[in-house]
Amino acid sequence: MTRSSSRAPSDAHFWEALGGIEQPSRYIGFEPNHIRKRPEEIKLFFALAFPEMYEIGMSHFGIQILYHILNREPDIAAERVFAPGPDLYERMVRENQPLVSLESKRPLRDFDIIGFSLLYELTYTNVLYMLESAGIPFDARNRDGKVPFVVAGGPCTVNPEPMARFFDAMVVGDGERVVLAMTNAWMNWKNEGAASREDLLERWAVIEGVYIPRFYHVQTDGLGFRLRIPEANVPARIRRAVVADLDRAAFPESPLVPFGKPVHDRLRLEISRGCSRGCRFCQAGMIYRPVRERSISTIMKQARAAVDATGYEDLSLLSLSTGDYTELERLMDALMGHCEPLHVAVSLPSIRADRLSKPLMEAIKRVRKTGFTIAPEAGSQRLRNVINKNLVEEDIRKAVEDAFSLGWQVVKLYFMIGLPTEEDADLDALVDLVKGLRGLLRSFGKHRRGEIHTSLATFIPKPHTPFQWEPQISIDEAYRRLSSIRHRLQMPGISVKWQQPEVSFLEGVLARGDDRCSAVIETAYRMGCRFDGWSDHFRFDRWMAAFDAEGVDPTAFVHRKRELDEPLPWDHIDIRVTKDFLQAEHRLAMEGRPTPDCRQAECSGCGACDFDILQPVLCRDMPEADRSDGLPSGVVERPYAPRWKSVVLRYTKTGSARFLGHLEVYNLFCRAFRRSGVSVEFSEGFHPKPKLSFDEALPIGLASMCETFRASVDADTDCNTLVERLNHALIEGIRIIGCEPAIPASKGQKTQSNGATYRVTLFRNGFHREALVRFEQADTFEITRTNRKGITRRIDLKQIVPEIRLLSDTSCEMRLLHAQDAVLRPADVLRAVWQFPEEVIQEAEVTKVA
Ligand code: SF4
């Protein structure tokens with residue numbers, strides 16, 4: 001009998017043994033363009049934390065910008081950390097493992113500064129989830145010298161109070177303006193030796209945009225609301241930090257390319273920041289002013305570099321209102337000129353109906369039709385005037401008509417209910433508008449069945465908007481209005497979706513709440529609330545129980561109309577737009593009078609600009625050189641490869657790369673080809689794809705030394721060059737080990753092997769020789785397997801496993817032949833022959849070796 005292995009899993013091993021964990025590639029951390037530095041060269045370890053799972057966090061562009069800015073500094077290492085999925089969290093608790101960063105698997109608690117991005121109120125409990133997983137005290141005042149400083153940034157900090165207790169510092173405004181000032185202050189503080197934690201906070205407190213909650217005491221007003229009053233030597237109000245010139249702001253030209261299915265799996269180019277349309281419900285339209293556009297020459301320089309560095313097949317323009325970019329058609333022309341030959345699609349999110357010209361739509365169509373979305377927000381013209389959405393029905397009809405005539409099949413419409421002054425007549429108008437658009441689509445003929453997807457959300461009167469004094473409608477009233485609309489739009493060709501009113505209610509409370517909410521958030525977390533933004537995790541009953549337990553009435557934050565002159569819990573935050581302007585806008589709203597966009601009319605005096613350093617920056621006002629693609633005349637963009645040849649490439653998939661799924665590997669190779677500069681042939685049709693054909697899909701968790709795929713590549717690239725360039729563009733664990741001309745296969749034919757040999761290494765147990773002898777001596781060794789259709793079959797393992805060879809106490813090699821009608825894996829053999837428990841099997845390292 002062999003002895004049991006004494007190899008206990010080490011900390012590092014825990015993060016490599018991800019078998020049985022959902023979407024394990026979330027936790028691998030060596031995506032293309034990741035940065036891992038040598039720890040001995042680092043003075044400051046900065047964790048960029050996002051209180052959501054990887055797929056959502058990696059879709060946030062801000063984290064990419066900060067990653068790039070911080071990692072440019074030779075003595076700073078910035079690494080990412082996301083909320084672990086519930087299954088991994090359970091395993092972490094069971095095995096007493098703390099939360100670690102993606103790159104170096106450094107425990108979060110060992111970083112010097114942790115910077116959380118707060119983008120959405122319903123991620124607040126996840127901050128506590130991550131702090132607890134890292135072993136960091138929740139309350140900033142309970143952190144001693146060795147515990148990292150915990151900082152927050154992102155749009156939610158414009159009302160920091162519900163979360164202020166949990167942070168040492170909060171950043172209001174553009175993080176890239178502030179982050180290096182904070183890290184420099186930290187370096188100086190550290191170099192000076194024995195200074196206290198408080199001392200660093202005092203240095204941070206004088207940086208524009210930085211709020212140190214502990215330096216502002218709480219005072220209760222006459223209505224029971226809590227306000228922040230500054231102590232001595234700190235600014236009375238925290239002024240939003242703003243990047244004045246986007247052309248000079250840092251841009252990640254080699255952004256990380258996430259694994260899996262991130263919400264935004266495409267290259268994003270930020271073409272402008274801020275919006276001065278002045279929609280009165282829109283917080284982003286107030287807190288990011290003024291409009292600052294990037295020049296076309298800078299965008300094109302960034303686009304070329306980032307397409308080459310990422311290999312992305314989709315590119316999306318990022319801004320609050322892309323259609324308002326003042327030279328959009330010129331920009332699209334330049335981008336298409338670069339992207340079309342490379343089969344890179346360009347999409348334009350959040351575009352206003354009145355900005356969608358036919359030439360623009362034609363331009364988008366040239367590579368790939370992307371989604372088509374219009375946000376009328378309100379159904380009636382009266383209500384659109386109240387909210388300052390200067391969009392008339394004719395614009396909406398024309399945009400939809402043009403979209404359909406150009407081949408789009410689906411139009412998405414966004415509306416809000418519960419807007420100030422809304423009456424049933426406005427809901428009737430909404431229904432009529434959607435029905436009218438449906439009629440328009442149907443008029444294109446019986447063979448063109450268009451779809452209208454209507455999304456409805458309950459209006460939330462967010463802080464720092466002209467509607468911040470208005471009440472939010474109750475949950476019951478929201479249901480009444482939503483049901484009335486849905487009932488009347490139940491017809492073919494229209495779908496209606498809405499955000500659950502309970503979610504909007506809680507979002508409103510946490511957006512508008514004061515510091516009493518922090519106790520509620522902590523109690524809700526302790527009651528099990530986390531991932532509240534996910535409908536399957538959202539537990540409204542627990543939240544209400546948490547408000548009850550803390551004696552806080554949530555309705556007081558949202559259902560009461562406030563006086564225009566009463567103090568508000570976020571008054572100590574100065575977003576640069578003045579309260580006088582917001583009050584004036586509120587009055588105009590009630591009169592249904594519009595305020596023009598300062599890009600088209602004169603300045604409306606919102607207060608955001610000082611007209612010295614800060615003012616609107618528009619591409620149309622820039623010199624001609626900045627409004628062109630920046631290429632010297634005569635330079636031609638990359639041409640197509642004229643001839644193609646088919647090759648078979650052999651590759652290995654080892655280490656943590658074994659946790660990449662088949663689609664992830666496919667995407668990785670597609671993008672690696674683009675990054676390597678080796679041209680690959682594309683299929684024809686609406687969605688051209690690189691011609692890569694894989695023989696077999698390798699299951700997640702299985703390593704391999706012998707995978708193959710076919711590719712149709714530029715005939716002028718020899719195999720050695722191809723291997724070298726492709727390997728340079730690949731990641732740790734995926735290596736091309738051979739390339740040879742493909743033998744022509746008949747159409748659809750795939751290589752089918754007779755089976756494979758696997759090496760299995762165990763980490764907790766050893767292989768008992770008796771069990772193997774029993775298997776070897778048996779004439780038959782039957783197991784039962786149930787296939788996906790629920791049909792159970794008996795399979796004789798002796799027919800499928802001709803050989804098992806022990807290599808050591810903890811490793812063996814086994815050969816598996818293909819079974820008819822069943823796919824057998826080494827895990828099935830471990831289960832049947834040795835009867836190992838599932839956790840041992842999940843942790844085993846299995847490699848296909850031949
Ligand atoms: S201060 Fe004037 S120009 Fe500047 S964003 Fe406000 S309205 Fe526009």
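1. Let's start where two parts of the chain meet. Domain 1 and domain 4 bury about 380 Å² between them, and carbon and sulfur atoms give 49% of that area. If you wonder why an area is quoted here, the size of an interface is often given as the accessible area lost when the parts come together. Please keep in mind as you read on that this is a predicted model.

2. Which residues build this meeting place? On the domain 1 side, 6 residues are in contact with 4 residues of domain 4. The count of salt bridges between domain 1 and domain 4 is 0. The centres of domain 1 and domain 4, taken over C-alpha atoms, are 45 Å apart.

3. The domain assignment places domain 1 at 12-239, domain 3 at 644-747 and domain 4 at 755-848. Domain 2 is written as two stretches, 246-497 and 597-620.

4. Next, have a look at helix H3, residues 61-71. Because 9 of its 11 residues are buried, H3 is largely enclosed by the rest of the structure. Among the buried residues of H3 are Phe61, Ile63, Ile65, Leu66 and Tyr67. Gln64 and Asn71 are buried in H3 too.

5. Leu335 sits in helix H11, which covers residues 328-339. Is Leu335 buried or exposed? Its relative accessible area is 0%, so Leu335 counts as buried. Leaving aside residues up to four places away in sequence, Leu335 touches Leu269, Met300, Ala303, Leu315, Leu317 and Val346.

6. Thr454 belongs to strand S17, residues 451-458. With a relative accessibility of 1%, Thr454 is buried, because the cut-off for that word is under 20%. Which residues does Thr454 touch, not counting those up to four places away in sequence? They are Leu413, Phe415, Val434, Ile494, Ser495, Val496 and Lys497.

7. Finally, turn to the ligand. The residues around the ligand include Pro290, Cys598, Cys603, Cys606, Cys609, Phe611 and Pro616. Ser604, Gly605, Gly607 and Ala608 are also around the ligand. Sorted by class, this shell holds 8 nonpolar residues, 3 polar residues and no charged residues.

8. One last distance links two of the places above. Leu335 and Cys606 are 271 residues apart along the chain, and 34 Å separate their C-alpha atoms. Cys606 is one of the residues around the ligand, while Leu335 is in helix H11.

Methods:
Residues are numbered from 1 along each chain as its sequence is written. This is a predicted model: local features need pLDDT of at least 70, side-chain atom pairs count only at pLDDT 80 or more; totals for chains, interfaces and linings use all residues. Side-chain values use heavy atoms; hydrogens and water are left out. A residue is near a molecule or strand if one of its heavy atoms lies within 4 Å of it. Ala, Val, Leu, Ile, Met, Phe, Trp, Tyr, Cys and Pro count as nonpolar, Asp, Glu, Lys and Arg as charged, and the others, Gly among them, as polar. Helices (H or I, at least four residues) and strands (E, at least two) are DSSP runs, numbered from the N terminus. Buried means under 20% relative accessible area, exposed over 50%, partly exposed in between (1.4 Å probe, protein chains only). Contact means heavy atoms within 4.5 Å. Domain bounds come from an automatic or database domain assignment. Buried area is the accessible area (1.4 Å probe) that two parts lose on being put together, summed over both. A salt bridge is a side-chain nitrogen of Lys or Arg within 4 Å of a carboxyl oxygen of Asp or Glu.
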